Amino acid sequence: MEDKLYGGWKLIELYSTHHIKKGRRHCLVLCTGCQKTFTRDWMSVKNGHTRGCNTCSKKRRYANYRQYSGGRLHRIWLNMNNRCNNSKDINYQWYGAKGIKVCDEWRTFLTFERWALEVGYVNLKVEFKHQLSIDRIDPKLGYNPDNCQWLTVSENSRKAHIQRSETIPRGSTVQANGAGSGVQSND
Ligand SMILES: [Zn+2]
C-alpha cells in the first residue's frame, strides 16, 4: 500500500469487506501526529477532514488557532481584566467599582483561553458586529465560567438594550453615560 495521506492519517490497510461492521468498511490507519495505529471507519478517513486521532486533532486545531487567530481573544481578556481591576480604566466605574470581578482562574490568560475554546469561541474573519464577544449571563454577577457565554457583538448589544429598557423605571430619564442601568459594553 502506498503512503497515501488522508488528512492526519496514513492508510496502512483498507480491510476487505468481511470486516464490515454495521454496514461500514473499516481500515487500519496510522496517526501522523503520535504514530499510533487505529481502526477507523473508512468513509471518515477517506474525506481527509480529520487531522488524526482525537488527541492529535485537538492539538492541531489548537495550534492552528493560536497561529491564525491574531490577538482578539487576548485583547478581550485584557479589556475584561482592566475594566474590573484597573481603577484608571475608563470603564472601571461600571465594573470594578460596582463589584464586578474576574474569577481567580481567569486572571491567567491560558485558563481563560482554554475555557473560551472549550465552549466554542472561534475567531471569525467577519464584520465586527458578527464577531464573538464575551457576555455575562447575569449582569449583576462577575466573569467566571458559570456566568459567561459568547454572543456576537450585535446579539450582545441587543441584549444590553433590552436590559436597559427593563431596568430603567418608567418615567425616569436615561442617563447618557448609562450609569446605574446595568448596561455594559462587553469587550
Ligand atoms: Zn495521534
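This is a short tour of a predicted model, selection by selection.

Number residues from 1 along each chain as its sequence is written. As the model is predicted, local features need pLDDT of at least 70, side-chain atom pairs count only at pLDDT 80 or more, and totals for chains, interfaces and linings use all residues.

Colour by pLDDT (the predictor's confidence in each residue, from 0 to 100). The protein averages 81, and 79% of the residues score at least 70. Select 171-186: pLDDT is below 50 there, and the stretch has 19 contacts beyond near neighbours in sequence (contact: C-beta atoms, placed from the backbone, within 7 Å). Where pLDDT is low, the predicted coordinates should not be read in detail.

Next, select the open sheet, whose 4 strands run in the order β1-β2-β3-β4 with antiparallel pairing. Strands are DSSP runs of E, at least two residues, and helices are runs of H or I, at least four, numbered from the N terminus; two strands pair if DSSP finds at least two bridges between them. β1 (5-6) and β4 (37-41) are the edges, each with a single partner strand, so one side of each lacks a neighbour in the sheet. β4 pairs with β3 (26-31) over 5 bridges; pick C27 to find its bridge partner R40 in β4.

Finally, show helices α3 (72-85) and α4 (109-118). They pack at about 120°, with axes 10 Å apart; axes are lines fitted to C-alpha atoms, for helices over the stretch in contact, and angles run from 0 to 180 degrees between N-to-C directions. Display L73, H74 and W77 of α3 with F109, F112, E113 and A116 of α4, which make the contact.

Key. Contact = placed C-beta atoms within 7 Å.
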